[in-house]
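Here is a short report on packing in one protein model.

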Amino acid sequence: MRNQRAGGILLPISSLPSKYGIGCFSKSAYEFVDQLKEAGQKYWQILPLGPTSYGDSPYQSFSTFAGNPYFISLEDLIEEGVLDKEECDRVDFGSNPSMVDYGKIYEGRFGLLRKAYERSEIYKNRDFLDFCRSEGWWLDDYALFMAVKDRFGGKSWIEWAEDIRLRWGYSLDYYRRELYYDIEFYKYLQFKFRQQWLKLKKYANDQGIEIIGDIPIYVALDSADTWASPWLFQLDDKNVPLAVAGCPPDAFSETGQLWGNPLYRWDYHRSHGYDWWVKRIAHCFKLYDVVRIDHFRGFDEYYSIPFGDLTAENGHWEKGPGMELFNTVRWHLGDKKIIAEDLGLMTDSVRQLVKDSGYPNMKVLEFAFDSEDEDSSSDYLPHNYDKNCVVYTGTHDNETLYSWFQNILPEEQLMVRDYVGDRTSDDRTICKKIVRMAVASTANICIIPIQDYLGVDNHARINTPSTLGINWQWRLTEGEITEALLKEIKEISMIYGRSR
């Protein structure tokens, strides 16, 4: 990654076009790989693949190790003969092909997947049995967690009966017997997810495309990870959080961001050789070629908010594990392709951690033009980059480039126009020039959200931080990526030395 100029596109799996309501590992995913190859790209960056919970955020997952069953291709299950095309077609997944309707997905998809499981006779499948044995170290707890969650009507585990909430031995035995088939169903879903995903990943790799995965620094409170291993986190003797994660007030939110994730007991992780983290990173590299670690600054210092607070305003900073963790990971796993997401409030110690790690960090052009910054010193301006970084026009948390440019202050628009050397063109032309500026930059890697190549407005925005109910929904529609666009991407990539 340090010695090669390359380009890629950011597109979540959920945003792929597909027949049954949400992007998945279906034919359209393979077609997108072909489009990446045709456009001369090397990387496909996605968002976390974990099973989503309330709010549908991939950054709040029921497990850091499991995959999202929504991404299992129903078409593949039809081809296997465990589902019927007609019964899939009868399910209402929503009427808008450019939006995911999570309510209808939840109501309709699990019923079909349960039918597929019941018809599969999966207990006879040697590959399934091998998968359950090799992945049992996380899979057993995850499948039990999900089955018990269903038994308690979907409630968070901290609201379960005390015996199973605290994992008393007799209670675990009882639920394992009582929910045997429900547990096997969740293992079946993970088997099919892994099978289909690795097939797609192999296809991408065979076409010369590498997958950039994305992992949150934290796990969700309502997750199998927290329930099954409470000693890893800052919980009291009843497994109730003492403090939770978030961010202080900033440009995104005046009251900060209250994520609610449990914080790590870094003293415990250190005393156990960071074993859980080594396993987590190793697991990621079974699924991805490159891993972007979200909120990298939290390894230097993390923001601790008292549990029960309604905003992030009363939090404080505490020291994280620093390079000790990454030296341990490198010792166990060797050098791995990791991207450090170092956005947000930067300090000298965070900058030093990124430098010491050697990982490329992130540059976002939407952060580069601040009317209060008059000396062109922003780290996000291309003339200030070194090569060991990844440049983006924006991320999944930002406005699309077109809407961003329309919504910034007039004096900031003028800064952009002067930087690209064009005071007269229309807004869409300016946005194309910003994309071109990213591709032309000295950054070794350039990742552009597909929305910015398309030049679309905020109807295609992926996420607005600190909001619920309007995020993670946008989808491409069939034919939206045209041959002309692929040719344009290929040409600009060739001009600036990024085409494969």
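In this predicted model, the largest nonpolar core has 159 residues. The residues with the most contacts inside this core are W44, W197, W277 and F299. Helix α9 (residues 180-206) gives the most to the core, with 10 residues. In soluble globular proteins, nonpolar side chains tend to be buried together.

Take W197 first. Leaving out residues up to four places away in sequence, W197 touches I13, F25, I46, L49, I211, L287 and Y288.

Now the helix pairs. Two packed helices are described by the angle between their axes and the distance between the axes.

| Helix pair | Axis approach | Crossing angle |
|---|---|---|
| α12 (residues 275-287) and α13 (residues 323-333) | within 10 Å | roughly 60 degrees |
| α4 (residues 102-120) and α9 | within 10 Å | roughly 100 degrees |

On the α12 side, the contact uses W277, V278, I281 and A282. On the α13 side, L325, T328, V329, H332 and L333 meet them. The residues of this contact divide into 7 nonpolar, 2 polar and no charged. W277 is also listed among the core residues with the most contacts.

The second pair is α4 and α9. Their crossing angle of roughly 100 degrees makes α4 roughly perpendicular to α9. From α4 come F110, L113, R114, A116, Y117 and S120. From α9 come Y181, D182, E184, F185, Y186, Y188 and L189. This contact divides into 9 nonpolar, 1 polar and 3 charged residues.

Two single sites follow.

Is G246 buried or exposed? G246 is found in strand β4 (residues 243-247). Its relative accessible area is 1%, so G246 is buried; the cut-off for buried is under 20%. Leaving out residues up to four places away in sequence, G246 touches Q257, W259, Y303 and I305. G246 and N261 are 15 residues apart in sequence, and their C-alpha atoms are 7.7 Å apart in space.

S493 sits in helix α19 (residues 483-495). With a relative accessible area of 2%, S493 is buried. Beyond its neighbours within four places in sequence, S493 is in contact with A39, Q41, V439, R498 and S499.

Definitions and conventions: Residues numbered from 1 in each chain as written. Predicted model: local features only at pLDDT ≥ 70, side-chain atom pairs only at ≥ 80, totals over all residues. Heavy atoms only, no water. Axes fitted to C-alpha atoms, helices over the stretch in contact; angles between N-to-C directions. Helix = DSSP H or I, 4+ residues; strand = E, 2+ residues; numbered from the N terminus. Contact = heavy atoms within 4.5 Å. Nonpolar A, V, L, I, M, F, W, Y, C, P; charged D, E, K, R; others polar. Core = buried A, V, L, I, M, F, W, Y, C linked by side-chain atoms within 4.5 Å. Buried < 20%, exposed > 50% of the residue type's maximum accessible area, 1.4 Å probe, protein only. Parallel < 35°, antiparallel > 145°, perpendicular 65-115°, else oblique.
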